[in-house]
Amino acid sequence: MNCRRIQNLIPLYVEGDLERAEAGPVRSHLESCPECARAASDFRASQQWLRSYVPPDFEGEFFDGLRGAVLKEIEESRARPSRFSLRIAWNPAPLALASALVFGMFFG
């Protein structure tokens, strides 16, 4: 196998997701190719680092406040008129122009 193929298989190899038929040639290649062995080592290190992450423990009050802020924003957005309705209400010219063009296409 060439380095390009091996480097595509490194994540699967490191995670143990390759079948034996593919894992053997990958292992052999990593033993003989320092560049691919370094890539596999880097991938292992990054996986260990990602697994070491512990998310912060938020209190229930945090989520209650967040939920309240989101619900308030939803209600406010429902109360605001849409941009389209404002455009039609304040500037009817585009609608009149479109109507004139359509009328002209059929009756002009």
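1. Glutamate 75 and arginine 78 form a salt bridge, a term used here for a side-chain nitrogen of Lys or Arg within 4 Å of a carboxyl oxygen of Asp or Glu, and their closest N and O atoms are 3.2 Å apart. Both residues belong to helix α4, where a spacing of three residues separates them by about one helical turn; helices here are DSSP runs (H or I, at least four residues), numbered from the N terminus. Glutamate 75 is partly exposed at 49% relative accessible area, whereas arginine 78 is exposed at 64%, where buried means under 20%, exposed over 50% and partly exposed in between (1.4 Å probe, protein chains only).

2. Please keep in mind that this is a predicted model, in which local features need pLDDT of at least 70 and side-chain atom pairs count only at pLDDT 80 or more, while totals for chains, interfaces and linings use all residues. Residues are numbered from 1 along each chain as its sequence is written, and side-chain values use heavy atoms, with hydrogens and water left out.

3. The salt bridges number four, and one of them joins glutamate 15 to arginine 51, with the closest N and O atoms 2.5 Å apart. This pair links distant parts of the chain, since glutamate 15 sits in the loop between α1 and α2 and arginine 51 in helix α3, 36 residues apart. Glutamate 15 is partly exposed, at 30%, and arginine 51 is exposed, at 55%.

4. Beyond its neighbours within four places in sequence, leucine 18 is in contact (heavy atoms within 4.5 Å) with Leu9, Leu12, Tyr13, Ala23 and Val26.

5. Which cysteine sulfur is closest to that of cysteine 33? The closest belongs to cysteine 36, at 3.7 Å, which is too far for a bond, given that a disulfide is a pair of cysteine sulfur atoms within 2.5 Å. A search of the whole structure finds zero disulfides. Cysteine 3 likewise is in no disulfide, its nearest cysteine sulfur being that of cysteine 36, 3.7 Å away. Cysteine 33 is buried at 12% relative accessibility, while cysteine 3 is partly exposed at 31%.

Notes: Helices (H or I, at least four residues) and strands (E, at least two) are DSSP runs, numbered from the N terminus.
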